[in-house]
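Hi,

Here is the structure I promised to pass on.

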Amino acid sequence: MPINSTLAHLQTPCLILDEERMVRNITRLRAHLNGLGVPLRPHLKTAKSVEVAKYLVDEQQNSATVSTLKEAEIFAEAGIKNILYAVGIAPHKLIRIAALRAKGADIIVILDNLEQAKAITDFTKIINDRIPVLIEIDCDGHRSGIAPDDAETMIAIGKALIAGGAELRGVLTHAGKSYTSRNKAELEMYAEQERAAAVKAATTLREAGLPCPIVSVGSSPTAHFARNLDGVTEVRAGVFVFFDLVMAGIGVCNVDDIALSVLATVIGHQKDKGWILVDAGWMAMSRDRGTSRQTVDKGYGVVCDANGKPYTDLIMIDANQEHGILAIQPNSTAQLPELEVGDLVRILPNHACATGAQHDYYNVINTQQQVVAKWSRFSGW
């Protein structure tokens, strides 16, 4: 495919990345956090691309968050050396952690129970390396972690790590329930709840004589709506780089901030049903239906013209493996656009991480809708 070509040169379905929107999203969050005096440790799980990481990772701090060890390995090879693996550690993965550290990566793991702590300290003795650890704190009952007022468990884990030769680096929390927010007040509330839980846990460890240099918080919603980050040393966020319909639905971004879309071709019609058929199904969009839990259900995605302008209330209402069904949103008075077989549309995703995972590369476009680059992305664990 020639560079500086048009979208018409692309095979569909394929992934489109609007570079200008991406840069604008990154600039927005960095400016907000700079104003609060706290650095960003970007989460690279959404991007899964070395080329995108170059825009996200600050050269001086050279720090990032990952959700798989494959991400850690690829980004470490690309020169990112300060890496937080932000999924509770499974004992068998410690061999890969050790291999990364032996190659010069300062990779940190997280845990929330004594069994994991024992696995780490047992392994530390074998390899003679002080594996750094953050204790995960549950700030909102979302998923995993220790309750911020469970001082006994927190201190027991901290003491076990230190006694066993590991390195206690601090605490981490993630306000997963912020994704259920419906307004600015709720977003700000979850951000402060996240901060307060992490700071409380850090204070508990320090008062017990345990080290806690890192106080790590973050989600894309809370990162944007934090008003006070006193006591926090870093913020993690990932999906903000592209945004998606779920983020737009909770008020973190506008639809025209969404930098990721799937290019598809019209392949037919069912006029009596009010349907337009395209060659992008759930294999291209993913099965993520995150907006179904929001006030306005956007189906499998919002449909735009080839230049990225949304049609009024046109969504992908259903999807088979390789077929997408486009129709006007229920209860809307909008008219179905006149799209012919062969016409191109772009579909905005519910969840950028899930849709991106269906594709091997980004077709990068500029403001003139020209394809200016092709950036690879990877998958796997």
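Let me start with Glu188: its relative accessibility is 26%, so Glu188 counts as partly exposed (that label covers everything between buried, under 20% relative accessible area, and exposed, over 50%, with a 1.4 Å probe and protein chains only). Before you read on, keep in mind that this is a predicted model, where local features need pLDDT of at least 70 and side-chain atom pairs count only at pLDDT 80 or more, while totals for chains, interfaces and linings use all residues. Residues are numbered from 1 along each chain as its sequence is written, and side-chain values use heavy atoms, with hydrogens and water left out.

Back to Glu188, which makes a salt bridge with Arg227, with 3.1 Å between the closest N and O atoms (the cut-off is a side-chain nitrogen of Lys or Arg within 4 Å of a carboxyl oxygen of Asp or Glu). This pair ties together distant parts of the chain, 39 residues apart: Glu188 belongs to helix H7 (residues 184-207), and Arg227 to the loop between helix H8 (220-225) and strand S9 (234-237). Helices (H or I, at least four residues) and strands (E, at least two) are DSSP runs, numbered from the N terminus. Arg227 is partly exposed too, at 45% relative accessibility.

How many salt bridges are there in the whole structure? The search turns up 15. Another one joins the side chains of Glu73 and Arg96, at 2.9 Å from N to O. Here as well the pair links distant parts of the chain, with Glu73 in helix H3 (residues 69-77) and Arg96 in helix H4 (residues 94-102), 23 residues apart. Glu73 is partly exposed at 30%, and Arg96 is also partly exposed at 30%. There is a network of salt bridges as well, linking Arg101, Asp106, Asp129, Glu167 and Arg169.

Arg289 is partly exposed at 25%, as is Asp297 at 31%.

Cheers
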